[in-house]
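I opened the model to look up a few things. My notes follow.

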Amino acid sequence: MQRTVTVVPEEGLHARPASAFVEAANEYEADLQVGPHEEDPVDARSMLGVTSLGAKGGDELVIYADGEDAEAALDALEDVLSTPEDEFDDE
């Protein structure tokens with residue numbers, strides 16, 4: 001399964017949003033990868049990999065999931081990418 005998601009946090013996947021993304025990915029058993037269209041994806045459980053994407057607000061990323069809980073994982077990861085950064089400050 002795969003899903004294309006637009007990154008909402010203006011500063012993209014840096015520190016707090018990337019950490020929330022990696023934490024969410026680690027809650028699922030599915031094999032999870034993320035990356036821009038037509039580029040090699042990285043392990044969604046890797047903080048270094050996720051931050052190395054250099055994704056900024058408005059960028060589109062493709063999340064790939066394979067496994068029993070793939071759909072739930074896609075929903076959770078999409079939710080993180082769709083959350084404005086100021087909501088991460090409240091946590």
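I started with Glu-38, which lies in the loop between β2 and β3 (42-43). I took helices (H or I, at least four residues) and strands (E, at least two) as DSSP runs, numbered from the N terminus. The model is predicted, so local features need pLDDT of at least 70 and side-chain atom pairs pLDDT 80 or more, while totals for chains, interfaces and linings use all residues. Residues are numbered from 1 along each chain as its sequence is written, and side-chain values use heavy atoms, without hydrogens and water.

Glu-38 is not a glycine, yet has a positive phi of about 60 degrees. Most residues other than glycine have a negative phi. Glu-38 counts as exposed because its relative accessibility is 84% (exposed is over 50%, buried under 20%, partly exposed in between; 1.4 Å probe, protein chains only).

Next I checked the helices. The axes of α1 (residues 15-25) and α3 (residues 70-81) come within 9 Å and cross at roughly 170 degrees. Axes are lines fitted to C-alpha atoms, for helices over the stretch in contact, and angles run from 0 to 180 degrees between N-to-C directions. The crossing therefore makes α1 roughly antiparallel to α3 (over 145 degrees). Pro-17, Ala-20, Phe-21, Ala-24 and Ala-25 of α1 make the contact with Leu-77, Val-80 and Leu-81 of α3 (heavy atoms within 4.5 Å).

Last, I looked at Leu-81. Beyond its neighbours within four places in sequence, I found Leu-81 in contact with residues including Val-5, Pro-9, Phe-21 and Ile-63.

Notes:
Parallel < 35°, antiparallel > 145°, perpendicular 65-115°, else oblique.
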